[in-house]
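Work through the exercises below with the sequence and model open. Each task is followed by a stepwise solution.

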Amino acid sequence: MAGRSASVRCGGRGVRLRRLLLAVVCGCAPLLAPADTIDAADRRLLADALYARGMHEQAMREYAVLAADPAVAERETVLFRLAESCRRLKRNTDAEAAYARLAAEFPKGRFFTQAQLQRALLAAEGKRFADAVALLTPLAENAAVPADLAPALLQTLADALERGGDAAGSLARYGQLRT
């Protein structure tokens with residue numbers, strides 16, 4: 001009886017999320033309903049739960065459906081988590097495209113600097129050092145970069161400059177790290 005009253009207090013939302021998660025884990029999601037009948041709020045709850053549990057393959061699919069809707073609530077977060085899920089799955093091309101989409105749609109958003117930093121890291125991983133430098137240089141000159149990201153940004157920029165053959169530029173950026 002106590003379990004039932006807890007479900008009632010949740011207003012049914014907790015019950016729906018548990019059913020969706022159970023269906024995904026058991027592999028019986030197709031038996032529930034076609035994918036397009038899940039409303040965006042429930043799909044977001046499912047995607048967030050999958051993401052939080054490290055089930056990035058499934059989360060990526062749900063975030064991709066949400067990202068296809070330009071009117072989805074909290075679109076910036078949806079795009080960021082889509083990109084992060086792709087990156088964690090080593091789908092670098094998809095991750096880079098999702099980060100680029102996020103940066104283009106939300107140039108003043110809260111995930112912009114992180115998206116650009118991740119794009120630069122992916123470019124450097126692909127030995128595209130000039131691309132990495134081009135993404136990070138404007139941010140390195142921006143005083144509005146969050147303090148917790150500034151050291152990582154300068155380190156990545158210095159590394160890309162060094163690996164791209166610009167030793168003097170690299171040393172200058174390493175010098176900024178010390179100050």
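**Exercise 1.** Which residues of the largest nonpolar core touch the most other members?

Solution. The model is predicted. Start with the core, which holds 23 residues. Tyr-63, Leu-66, Leu-82, Tyr-99 and Leu-102 touch the most other members. Next, assign the core to helices. At least two residues come from each of α4 (40-52), α5, α6, α7 (92-105) and α8 (112-125). Helix α6 gives the largest share, 6 residues. Finally, look beyond this core. A separate second core has 20 residues, among them Leu-135, Leu-136, Val-145 and Leu-149.

**Exercise 2.** Describe how α5 packs against α6.

Solution. Take the geometry first. Helix α5 spans residues 56-67 and helix α6 spans residues 75-88. Their angle is about 145°, and the axes lie 9 Å apart. The crossing of α5 past α6 is left-handed. Now list the contact. From α5 it includes His-56, Met-60 and Tyr-63; from α6 it includes Val-78, Leu-82 and Arg-88. Then sort the contact residues by type: 10 are nonpolar, 2 polar and 3 charged.

**Exercise 3.** Is Arg-44 buried or exposed?

Solution. Locate Arg-44: it sits in helix α4. Its relative accessibility is 14%. The cut-off for buried is under 20%. Arg-44 therefore counts as buried. Now find its contacts, setting aside neighbours within four places in sequence. They are Tyr-63, Leu-66, Ala-73, Glu-74, Thr-77, Val-78 and Arg-81. Check the Tyr-63 side. Beyond four places in sequence, Tyr-63 touches Arg-44, Ala-47, Asp-48, Tyr-51, Val-78, Arg-81, Leu-82 and Ser-85.

Methods:
Residues numbered from 1 in each chain as written. Predicted model: local features only at pLDDT ≥ 70, side-chain atom pairs only at ≥ 80, totals over all residues. Heavy atoms only, no water. Axes fitted to C-alpha atoms, helices over the stretch in contact; angles between N-to-C directions. Helix = DSSP H or I, 4+ residues; strand = E, 2+ residues; numbered from the N terminus. Left-handed = near helix turned anticlockwise from the far one by under 90°. Contact = heavy atoms within 4.5 Å. Nonpolar A, V, L, I, M, F, W, Y, C, P; charged D, E, K, R; others polar. Core = buried A, V, L, I, M, F, W, Y, C linked by side-chain atoms within 4.5 Å. Buried < 20%, exposed > 50% of the residue type's maximum accessible area, 1.4 Å probe, protein only.
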